[in-house]
Amino acid sequence: MSIEKTKKEIPYGRHQISQKDIDAVVGVLNSDFLTQGPEVEKFEHSLSVYCGSKYTVAVNSATSALHIACCAANVCPGDKVWVPANSFVATANCAKYCGAVLDFVDINLDDGNISIEDLQRKLEHARINGELPKLVIAVDFAGIPCDLKRIRELSNIYGFKLILDASHALGAIYEGNRVGSNRYSDFTVFSFHPVKIIATGEGGAVTTNSDQDYERLKLLRSHGVSRFSKAHYGNLGAELWSYEQVTLGYNYRLSDIHAALGNSQLSRINYFLKKRVRQALHYKESLSGLPIKSPVFNLINTPSFHLYVIQIPTKDNVYSRNNLYQYLTKVGIQCNFHYIPIYRHPFYEREGFFSGYCKNAEIWFREMLTIPLFPAFSHSDQEYVINQIKEFFE
Ligand SMILES: *Cc1c(COP(=O)(O)O)cnc(C)c1O
């Protein structure tokens with residue numbers, strides 16, 4: 001029995017693979033290295049050059065990248081780490097792995113990014129109570145750069161380290177610098193999950209400008225084992241072996257198979273970004289007459305538009321967002337939600353967080369909807385989505 005595919009199905013995001021990508025992966029399969037080798041080295045170098053950062057450490061996911069960045073920032077059990085409420089759970093979990101105590105900062109309703117006002121208010125409160133965070137993880141939500149310069153100013157005043165979770169924002173430009181340059185942060189993390197800007201299958205990376213942090217990130221990625229540290233084993237023949245474990249690390253290595261795909265995809269990033277920006281601008285213009293809100297952004301801080309998230313204001317206590325979601329699903333348009341506030345997940349509610357903890361994140365939670373946007377999204381499919389949304393409101 002065959003299942004007939006009659007209905008149009010448009011995903012909210014999707015990777016785009018070319019013949020060149022396939023050839024690059026096959027090339028590695030025929031080579032001497034399958035795990036971390038020359039393709040990873042090349043990928044790291046290319047990312048450093050692209051982002052304008054001194055170093056890149058490629059790993060097997062952004063979650064791993066966030067974890068080793070937290071370790072390199074020296075997050076210890078009991079340390080306080082703050083993250084925006086509107087993000088993927090990995091942004092918070094990475095600090096949990098280090099035993100941190102999490103807290104959540106509210107967001108702007110303009111763009112879903114961390115609210116600088118709420119951050120400042122919380123910091124001042126924490127300073128008075130002697131409860132300042134050791135680390136803040138900011139997020140460039142949907143690929144729209146958050147106001148990192150102002151967060152850096154606060155980090156200088158209140159003495160916390162700063163990781164930018166730029167899983168959505170490879171290729172975005174903030175204040176004239178490519179996201180990942182670490183002009184205003186200690187570390188930047190990227191994801192190469194298939195729905196993100198470029199794909200490696202699974203994969204992630206950390207960029208940094210610090211020599212010391214770079215060395216530490218490399219150790220943490222691979223078992224805490226160093227090839228080059230001085231052996232100190234007395235007369236046991238240390239000159240005969242080539243590695244020793246100097247700290248507790250993990251196996252977070254990226255394989256050359258994945259990195260080859262990453263290299264090939266990175267060579268097409270301008271094309272990917274151009275498509276995303278064009279589709280975002282088309283949505284913004286085409287949906288402007290409807291009772292919905294498009295994200296606020298400016299093209300000086302060029303977003304990468306990983307996602308296009310609209311808001312449908314609640315009317316007469318009816319969540320028209322849910323109705324729109326159901327309507328679009330019926331006509332073959334798969335939408336998504338970014339995000340349930342992290343603290344509303346059962347795991348975090350068990351830590352004492354509750355509905356209403358961050359006022360704007362709750363409004364966002366009720367009203368936002370992610371509509372399709374991705375490089376392989378055709379103009380006619382985008383017109384179809386726009387027309388279906390218009391019909392819903394008629
Ligand atoms: C996708 C994503 C991650 C996790 O990425 P993986 O590579 O899947 O581990 C972390 N943070 C944010 C904001 C993300 O969107």
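Analyst: A crossing is right-handed if the near helix is turned clockwise from the far one by less than a right angle, and left-handed if anticlockwise. Helix 1 and helix 8 cross in the right-handed way. This is a predicted model, so local features need pLDDT of at least 70 and side-chain atom pairs pLDDT 80 or more, while totals for chains, interfaces and linings use all residues. Residues are numbered from 1 along each chain as its sequence is written, and side-chain values use heavy atoms, without hydrogens and water.

User: What makes helix 1 and helix 8 parallel or antiparallel to each other?

Analyst: Their angle is about 150°, with the axes 8 Å apart. Axes are lines fitted to C-alpha atoms, for helices over the stretch in contact, and angles run from 0 to 180 degrees between N-to-C directions. Under 35 degrees is roughly parallel, over 145 roughly antiparallel, 65 to 115 roughly perpendicular, and the rest oblique. Helix 1 and helix 8 are therefore roughly antiparallel. Helix 1 spans residues 19-29 and helix 8 spans residues 256-266; helices (H or I, at least four residues) and strands (E, at least two) are DSSP runs, numbered from the N terminus.

User: Which residues of helix 1 and helix 8 meet?

Analyst: Helix 1 brings K20, D21, A24, V25, V28 and L29, and helix 8 brings D256, I257, A260, L261, S264 and Q265. By class there are seven nonpolar, two polar and three charged residues. Here Ala, Val, Leu, Ile, Met, Phe, Trp, Tyr, Cys and Pro are nonpolar, Asp, Glu, Lys and Arg charged, and the others, Gly among them, polar.

User: Why is helix 3 called oblique to helix 7?

Analyst: Helix 3 and helix 7 (residues 211-221) pack at about 130°, with axes 9 Å apart. That value makes helix 3 oblique to helix 7. The crossing of helix 3 and helix 7 is right-handed. I68, A69, C71 and A72 of helix 3 meet D213, R216, L217, L220 and R221 of helix 7.

User: Which residues touch the most other members of the largest nonpolar core?

Analyst: C70, F104, I137 and I163 do, out of 50 residues. Helix 3 (residues 62-72) gives the most to this core, with eight residues. A nonpolar core is a set of buried Ala, Val, Leu, Ile, Met, Phe, Trp, Tyr and Cys residues joined through side-chain atoms within 4.5 Å. C70 touches V75, C94, A95, C98, L135, I137 and I163, leaving out residues up to four places away in sequence. Touching, or contact, means heavy atoms within 4.5 Å. Another core of 41 residues lies apart, with L47, Y50, A172 and L266 among them.

User: What is the phi of A142, and what is the phi of N182?

Analyst: Phi of A142 is near 65°, and phi of N182 is about 60°. Both values are positive, in residues other than glycine. Most residues other than glycine have a negative phi. A142 lies in the loop between strand 4 (135-139) and helix 6 (148-158). N182 lies in the loop between strand 7 (177-178) and strand 8 (187-191).

User: What is the omega of the peptide bond from H338 to Y339?

Analyst: Omega is near -5°, and the bond is cis. Most peptide bonds are trans. Y339 lies in the loop between helix 10 and helix 11 (346-349).

Conventions: Buried < 20%, exposed > 50% of the residue type's maximum accessible area, 1.4 Å probe, protein only.
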